[in-house]
Amino acid sequence: MMNNQLSIFAELQDTPTQAVVNVASVPQRSPFRYPGGKTWLIPTVRKWLQQEAGTVKLIEPFAGGGIVSLTAAFENLADPIVMVEKDEEVAAVWEVILNGQNQWLAEKIYSFDLTHENATAELNKADKQLQDIAFCTILKNRIFHGGILAKGSGLIKNGEKGKGIASRWYPKTLYDRIRAINHVKDKIRFIAGDAFTEIEQRLKDKEAYFFIDPPYTVAGRRLYTHFEIDHERLFDLTSQIQGRYMLTYDDTPEIRAWADKYKLLYRTIPMKTTHHLEKNEIIISDNFEWWE
Ligand SMILES: C[S@@+](CC[C@H](N)C(=O)[O-])C[C@H]1O[C@@H](n2cnc3c(N)ncnc32)[C@H](O)[C@@H]1O
């Protein structure tokens, strides 16, 4: 059943028209190393956001590392911008950076003496305030394997060039990125909440641009604490959006079948994984006039 559904569409739409992006050509704006991060998709997102004249109203309901919202804010492509994230640890970082304690967090990171002992003491501290949770989230994101915050992840042992837990700890870079966000924070509203609720509330907003990057069906389980979402419901909701949207997924028969079922248009795009394997992802959008 599923295979029949995807056959014709799959062949028609399967020719990747774009080359793999060199990620080094995209400015890194996020304080997070984000598993499944969309830095590689930024050149495509720029085209999508510029399909009509003027600055657009952007909503990023599965914000994670927030690279799309940040890029749109810095490059004056969108205003206002709404970011939504359900994970409490990730949300704490955005709340602190965007809503008041930006400088505290930047300085805490810059002045922190990273040793195994200090990191463990910081992570085990009792009665953490929001700002402490934000700091610990950044710390874990930098010193845990692959930046993975989900349960079961652990401290880097040898790290890059045997540098141990400090191999991904760049305090000056993190300081600069967090302070830079301070200059664009008035454009961004952060909601610690549920993507489905926030999409649903804006279905009829013809001016809204939705950038939707949900936890994927295959890798999500390993990478994120919140990986279980109702994918079919997301397709159903997306089909009701009256504004513009871009929904990204891994290219699997299941995803193509849902796209076909809800009559959504899609293209494939090549990308390189962190292990340098080339694979395709699916981009679903209300139109593709902006694509070529
Ligand atoms: C694929 S990641 C987004 C990565 C992001 N585009 C980037 O480039 O950094 C998906 C994110 O959605 C979050 N999430 C999962 N379920 C959610 C929900 N129901 N509402 C809001 N966020 C959710 C996860 O915690 C994760 O941070």
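Strand β1 (residues 56-60) and strand β4 (residues 208-212) run parallel and are joined by three bridges. Within this pair, Ile59 stands opposite Phe210 in β4. The structure is a predicted model, in which local features need pLDDT of at least 70, side-chain atom pairs count only at pLDDT 80 or more, and totals for chains, interfaces and linings use all residues. Residues are numbered from 1 along each chain as its sequence is written. Helices (H or I, at least four residues) and strands (E, at least two) are DSSP runs, numbered from the N terminus.

Both strands belong to an open sheet of seven strands with mixed pairing, in the order β3-β2-β1-β4-β5-β7-β6; two strands pair if DSSP finds at least two bridges between them. At the edges stand β3 (188-192) and β6 (265-272), each with a single partner strand, so one side of each has no neighbour in the sheet. From one strand to the next, the twist averages 20 degrees.

Axes are lines fitted to C-alpha atoms, for helices over the stretch in contact, and angles run from 0 to 180 degrees between N-to-C directions. Contact requires C-beta atoms, placed from the backbone, to lie within 7 Å.

| Helix | Lies across | Angle |
|---|---|---|
| α2 (residues 42-49) | β1, β2 (78-85), β4, β5 (244-250) and β6 | about 160 degrees to β4 |
| α4 | β2 and β3 | about 145 degrees to β3 |

Helix α8 (residues 171-184) has 14 residues and reaches 21 Å from its first C-alpha to its last, close to the 20 Å expected at 1.5 Å times one less than its number of residues. Its buried residues (20 or more other C-beta atoms within 10 Å; exposed means 12 or fewer, partly exposed in between, with C-beta atoms placed from the backbone) are Leu174, Arg177, Ile178 and Ile181. Seen down the axis of α8, these residues fall within an arc of 95 degrees, so they line one face of the helix; the arc is that of the directions from the helix axis to the C-beta atoms. The face turned away carries the exposed residues Lys172 and His183. The cover over the buried residues of α8 includes α3 (67-74), α4 (88-98), α5 (102-111) and α7 (130-143).

The axes of α5 and α8 come within 8 Å and cross at roughly 175 degrees. That makes α5 roughly antiparallel to α8, a term for angles over 145 degrees. Among the residues that meet are Leu105 and Ile109 in α5, and Leu174 and Ile178 in α8.

Notes. Two residues are in contact if their C-beta atoms, placed from the backbone, lie within 7 Å. Angles under 35 degrees count as roughly parallel, over 145 as roughly antiparallel, 65 to 115 as roughly perpendicular and the rest as oblique.
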